[in-house]
Amino acid sequence: MSEELKKGLEGVVVAESSLSYIDGDAGRLIYRGYDIEDLAEGATFEEVVYLLWHGELPTESELSEFNESLVAARSVDDAVLDTVRALAEADEEPMAALRTLTSYLSAEDDADPEGGDLEAARRIGRKVTAKMPTVLAAFDRVRRGEEPLEPRDDLSHAANFLYMLTGAEPDPVAEETFDMALTLHADHGLNASTFTAMVIGSTLADLYSSVTGGIGALSGPLHGGANQDVMEMLLEIDDSGEDPVEFVERAREERENWRVPGMGHRVYNVKDPRAKILETKSKELGEASGDTKWYDMADAIEGYFAEKGLVEKGIAPNVDFYSGTVYYQLGIAVDMFTPIFAMSRVGGWIGHTLEYQEDNRLIRPRAHYTGETDREFPALGDR
Ligand code: COA
């Protein structure tokens, strides 16, 4: 058998999928045939998740049934909240806490979470999607010395999360902006975390395992961590009082192979369409609060990249470049940005896992063996 090695599986097609399509040259992202701009503007996160899982946008009655099932699944039991407290006590990072808590959610599931059963997977999918915001918000509150809040059943997925985090009902602009950010992060082809979820699902393991694995893959700095890095860079610039362009120029000279976080993308050769939408939202939030500082800094850095001809080469803002400034202006802690990404991407993880399981085949690649053969076995005392 020929053994062509594709490091990092780059360019390898492993499945058919009708969930999302990326045109990296045109800067276009499509979910189930719909442009991301149209979905971000016109649909809620709940509608987008339904679309990803079912292939069609929900009708009004389908949506209200779907919403009801999510709302009904939002609460978690006391044992989960005890685990939240234990993790906060142990000073766990929010992303690691979310991973542990998501896995732990299976403990409060009375039904047998049988893998390979698509109906069971859809039920677990709704539960996990509904409960991830609850455990994440509870964790953030507990580590700040506050009591977790019961989810509200009269609020949307986005508004309820912001409410459980802050204790205040968000204003319509905050709700709409956060909802949009969730939609923009919900799916993006077979990225590393989605593929991880699919690989786990292909063994017919249950969906709790797929989602927990997805969170683990997303936690790495090469995948989900860049939105935090962008905000940390902007905070560092702000603290130093340096001009953002001078800071970036100096840092690029001083730090070998330094990559400006939030710039460049493996798939897009132009500005990421999601960055365009979040850029507008970042500016609007700044204008509404009377301080566009964070938007201005990011915009100046983008301007520098354009001036240096880098944007033309495809080193343009990706989704993370402006999302950090959006979350920060919504009052969210910087280390919550990647867990929020997980809270959204769970839509894609589940969608792809369900789609793959419809015509499942165990994912099991091979390695090109470079080790020795025919070695003589030495007894323990002879080694
Ligand atoms: N800042 C400065 N230069 C960058 C850059 C960045 N963020 N991203 C790419 N480049 C430059 C590289 O220095 C390299 O230049 P060279 O050919 O002169 O050495 C060239 O662009 C190609 O970079 P490369 O790392 O090979 O591209 P890639 O497709 O492998 O990398 C990323 C894509 C996303 C990993 C990379 O752009 C990056 O690290 N970006 C910052 C982190 C980030 O935002 N990650 C989230 C992605 S959604």
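How many Å separate an oxygen atom of the ligand from an N or O atom in the side chain of R259? The answer is 2.4 Å, in a predicted model where local features need pLDDT of at least 70, side-chain atom pairs count only at pLDDT 80 or more, and totals for chains, interfaces and linings use all residues. Residues are numbered from 1 along each chain as its sequence is written, and side-chain values use heavy atoms, with hydrogens and water left out.

View 1. The protein buries 58% of the 860 Å² that the ligand exposes when taken alone (Shrake-Rupley areas, 1.4 Å probe).

**View 2. The shell around the ligand.** Here 13 residues surround the ligand, and the closest are R259, V260, G262, M263 and N318 (a heavy atom within 4 Å counts). Sorted by class, you get six nonpolar, four polar and three charged residues, with Gly counted as polar and Arg as charged.

**View 3. Helices α13 and α15.** Residues 273–289 (α13) pack on residues 319–329 (α15) at about 30 degrees, axes 8 Å apart. That angle makes the two helices roughly parallel (under 35 degrees). Their crossing is left-handed (near helix turned anticlockwise from the far one by less than a right angle).

**View 4. Helices α10 and α16.** Axes 9 Å apart and an angle of about 135 degrees describe how α10 (residues 207–218) packs with α16 (residues 337–358). The pair is therefore oblique, and the crossing is right-handed.

Technical notes. Polar contact = N/O pair within 3.5 Å; in protein donor to acceptor, adjacent residues only side chain to side chain. Axes fitted to C-alpha atoms, helices over the stretch in contact; angles between N-to-C directions. Helix = DSSP H or I, 4+ residues; strand = E, 2+ residues; numbered from the N terminus. Parallel < 35°, antiparallel > 145°, perpendicular 65-115°, else oblique.
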